[in-house]
Amino acid sequence: MDYTSDVHTFMASANYNPLPGLSFNAGASYSIADSKIQNVDFASDPHTDGDRLDTDTKWVGTYDVANNNEMESFSKLDYTVWDINVGASYAINDYVGITVNYLYTDVDDQDPYVYGDESGQYQSLMTYLTFRF
Amino acid sequence: MKKYIAIFVIFALAVFLPFGNAAWADEDSEQSIHVELSGGVSINGNNDSPNKAAEYRSLSDEDTVGIYGGSVDVRSGKIEFGAEGRHIDTVDQDYSGHLDVDRIFELHGGYQEFLHRLGQDELLHIQATSAAPGMAAQLWHSYEYAPDFDVNSNEAPNKDFGVNYEKYDATTVLRLPMVPGVKVGVHYRYENREGYQQAMGMSKCGSCHVVAHDKDIDETTQDYKPFVEVNLGQLSMEYSFLYRTFDNHSDHLNHLYDPAVHPFTGTWDPITNDKYGGVNYDYRDGPLELSRNPEATKTVHHVKGKYDISKNQSVSFGYIHSFAENQSADEYGIEGHELDTTYDAGMLSWTANLTRDLLVSLNGRYQFIDSDSADIDLKGDSNDWTRDSDEERNIANVRADVRYRLLRNLTLRGGYEYESDDRKNQEFIVDRDIKTHKFKTKAKWRPSSGLSVTAGYKFTFRDDPYALEDAAYPTHIELCVDDEGNEPVPHVGTYPYGEYVYGTRTHNMSTDPEFEHEAKMKANWSPMDMLFVSVYTRYVHGVNNEDLEYKYKDDLLDSGIDVTVTPINKLSMTLGYNYLRNNMDSEFYIPYYHG
Amino acid sequence: MLKRVLIAAVGLCFLIGCQMLEKRASIIKVPEVAPGATYVGSEACLECHEDFANDRHNNVHMRIASFEAYGYQHGCEGCHGPGSVHVDGDGDPEKILRFGKDGLAADEVAGVCTTCHQAGAQMNWANSEHALSDVTCTSCHNIHNNPEKHLLAEKEIDLCASCHTSQKAKMYYMSHHPLKEGKMTCDSCHEPHGTQTGADGMLKTDERLNDLCLKCHTRYQGPFVFEHAPVSESCLECHEPHGTVANNLLKQNEPFLCLQCHEAHFHASRQGSVGLMTEYKPGKTITGTMDAYNGLTPHAIEGKDPHDWSRGMLTKCTTCHQSIHGSDLPSQAGAGLGAGLTR
């Protein structure tokens, strides 16, 4: 039995200050991840009355290690995450400035685990005035 | 007494006066006040589950929220005061401040609060079924069997699991002009966690039924840490004392077991209607507590110092003594005493630039850990046993590092580290004394002004790596006959299941590599001022088949590239990519019993 | 008599201490680049370097009191060395200590800073991993006209991530400490100036690795009545603190993580039922009696997944063994003699 995790992460950011008092910033990341158990392959080896692995059987009491061959799917994880932030700041004059920031996160849970589907999106637009004395 | 005070004052003046001018010679008569106030609004939105998308963000719970912040910076002669803060939400705040009075008295601290959302195990995977011959199948492990599973319908309807973290810390420092080189201070930290999380219990009812509850979290950690730092020329020393408390004000969580759901004291054969054996050792009715974190205290005495023999040579040393105590162990009838762990460690290191190009560093450290045993007294005499602590051990560590500048643009490094971890009580592991050898080598080369390449290799050899002894693969079951002549199931009370079934396991299992190779490479290239490229890769390969019936393997590849472009002075962009692949190969053991 | 001796001894120590501080300044000093140079004072520097005039607002080095670095020059020349030859040479850059690209080597830069920063967090700089890797003070700190906290060259996470890019990527994994959200920083756990222990990772603890984690995660301090051996070994047996794919910062998801050291429960091989089954629901039986199980009676339902036992036991071990870090409460199953960590 082995376990494999594969993660790709892309990141980008930028800062731009075209004028004194004016600045822009942006950042983004995109992450693709999956992890899973692999290569679980038990040969059927029953010890009770010759019953084989047969999903139609009504008699339970059959212990067969081959019943575990499905377990690879129980704890598989597969998700993508987007993280984006964009912001701008402008000093109107020496005493007043304005700032705007936008945050966005998107989680896409493609193989929910015991916590249910954890897919979700979150976004927030913040804007505020700054007064300097 | 008055005489002593007079002597002290005269002495203080005698020492103080020569420094009087020096202390205030740099007086800055400038005065300034800068204030910034911010106010605004945050418009928020979320879809589906916020648990991961907004794991540490509280705002997704509200559509529109006012946000506030600001800073103040005051300088007036010898006094400097600054503070800043932001308030995004009642559970998302950040404040910090500092006060400096002529460099004699300094105070800095901060307050922070944030939310951590937690997930909820839906227990939908716990739906196993079974049937005896001639009977309709029964639903065991049923989440529906315990009606209070549904956490949204119990005491706290529609509760979202999460914990509010609240932290406050402050450090005060006093430097007295008349005693230069001496600094005394105290650090205080307060951390509080409040909220709810899911707690699951599994006991009594055949150890098959899982129930879930809301668990109230109300925990506080406090640190008090006075310290004194003394610089006596080439010798610098510091002493600190830490007193830590962990208080748990959470409600005690209980699951109620009553006669109506009282499990059989044994196994019931539906055909013969016989009851025999038993899976649990305790079938009493009433509340059974679960999921409780014990209160604890910890004290630490730490002395450390450094002696600068010359500009190029120094020796540092330290000793630490810590005592951690579980304040709640005696609540559960564990022999009526608190469990504690004592830790002592001493270290010594020497570092020298033997020549302009050669640096050598030698380090040694020895640690002693003593931890109480616990006498376990479960219901029934045959269930008594003594739990010796896994923590008890002596650890010796020595390390040597050498750095040699072979050429102006080529630096070589080598190092060796040896560690002996001698456990006192670990009865479950294969070998109590684990010896680890690490060999490291590294080279840094700058072939041209815009290019540098670093490559390193580390080899680790663990003699008898950490492994669980007899973890798997029972070869047989010691069958027994009970007092009534029933067989073959070994039952609790007379024949401990743990001994007659688990006790026949024969294969060891491990998750630590015996041999580990790690190779790293990084290249930074800047062909022109506006472009910087960094490429890196790290590969780790570990194997272990020491005392194992299989070969454990662990492969890790971690690589990436970063590109930073600055086409004009005002614009900077960075692109990066990272790839991580980890493959671990272990053995899956599953036993085959009587069923 | 004893009190007099103590007072005299303490006084003598102070006086000797002052002498020793002066002696230190004569031994541990900045490199000499201009033989015969003398100190001219910071005002002389500012005549040419006017852009540093406002530096004192942010730069604590310009506000150091004499008793803090006793025996050493304060102001600009405290770091850049005596400036008389530099001034007389019309600002000859070769006659003053420089810290930039064409200036002092990494070791020499650290040698200047540690003339004063020899204690506290910087006490173990000399044999730290950063020092041995030719990372120097000015690699991370930008002393002049810098409003950043601790005079860092940029925001802490961006600064550390500029070299430790792999750890930066892990911040974006599904399970992570709140670094990218700004609730923690790298120095919450790491001491970039070096530590007494010399352990890998320059962790901010003078004890064992676990004690660093327990500073915040104090609920696992214990010691517990029922222990879990790998917890005593190291938190890193199971966790990777920078970021992981699996929840709870686990290196691998359950059950694989646990199955590396433990065999599975044998019931996981049991086949579940298909066809008609019994489910317990509120209500009475056909005969009108109540079932013993608290008013719930059996009802026939459709068959379930034949792998339901395997799913129940090979999905998440901590569904049942929730107190995996240790517990004072005994589990009830006899087989484990209380140590099953299910309570």
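Biologist: How many helices and strands does chain C have?
Modeller: Chain C has 13 helices and two strands, where helices (H or I, at least four residues) and strands (E, at least two) are DSSP runs numbered from the N terminus. This is a predicted model, in which local features need pLDDT of at least 70 and side-chain atom pairs count only at pLDDT 80 or more, while totals for chains, interfaces and linings use all residues. Residues are numbered from 1 along each chain as its sequence is written, and chains are lettered from A and ligands numbered from 1 in the order in which they are written.

Biologist: And chain B, how many helices and strands there?
Modeller: Chain B has three helices and 31 strands.

Biologist: Which residues of helix H5 in chain C are buried?
Modeller: In H5(C), which spans residues 106-113, the buried ones are C:Val109, C:Ala110, C:Gly111 and C:Val112. These buried residues pack against helices H3 (77-80), H6 (129-132) and H7 (137-140) of chain C.

Biologist: What about H10 of chain C, which residues are buried there?
Modeller: In helix H10 of chain C, residues 209-216, C:Leu212, C:Leu214 and C:Lys215 are buried. Seen down the axis of H10(C), they fall within an arc of 170°, so they line one face of the helix; the arc is taken from the directions from the helix axis to the C-beta atoms.

Biologist: Switching topic, which residues have the most contacts inside the largest nonpolar core?
Modeller: That core has 40 residues, and those with the most contacts inside it are B:Val210, B:Ala467, B:Leu468, B:Met509, C:Ala264, C:Ala268 and C:Leu314. A core here is a set of buried Ala, Val, Leu, Ile, Met, Phe, Trp, Tyr and Cys residues joined through C-beta atoms within 7 Å.

Biologist: Which elements give two or more residues to this core?
Modeller: From chain B they are strands E9 (182-201), E10 (211-232) and E26 (467-474), together with helices H12 (256-259) and H13 (308-313) of chain C.

Biologist: What is C:Ala264 in contact with?
Modeller: Leaving aside neighbours within four places in sequence, C:Ala264 is in contact (C-beta atoms, placed from the backbone, within 7 Å) with B:Tyr589, B:Ile590, C:Leu259, C:Met313 and C:Leu314. There is also a second, separate core of 21 residues, which includes A:Leu77, A:Tyr79, A:Val114 and B:Leu580.

Biologist: Is B:Thr341 buried or exposed?
Modeller: B:Thr341, which lies in strand E18 (residues 340-353) of chain B, is buried, because 22 other C-beta atoms lie within 10 Å. With neighbours within four places in sequence left aside, its contacts are B:Ala324, B:Ile369, B:Ser371, B:Glu391 and C:Pro223. Of these, B:Ile369 is 28 residues away in sequence and 7.0 Å away in space, C-alpha to C-alpha.

Biologist: Last topic, how many bridges join strand E5 of chain A to strand E1 of chain B?
Modeller: E5 (residues 120-132) of chain A and E1 (residues 31-48) of chain B run antiparallel and are joined by 13 bridges, and strands count as paired if DSSP finds at least two.

Note on methods
Buried ≥ 20, exposed ≤ 12 C-beta atoms within 10 Å, placed from the backbone. Contact = placed C-beta atoms within 7 Å.
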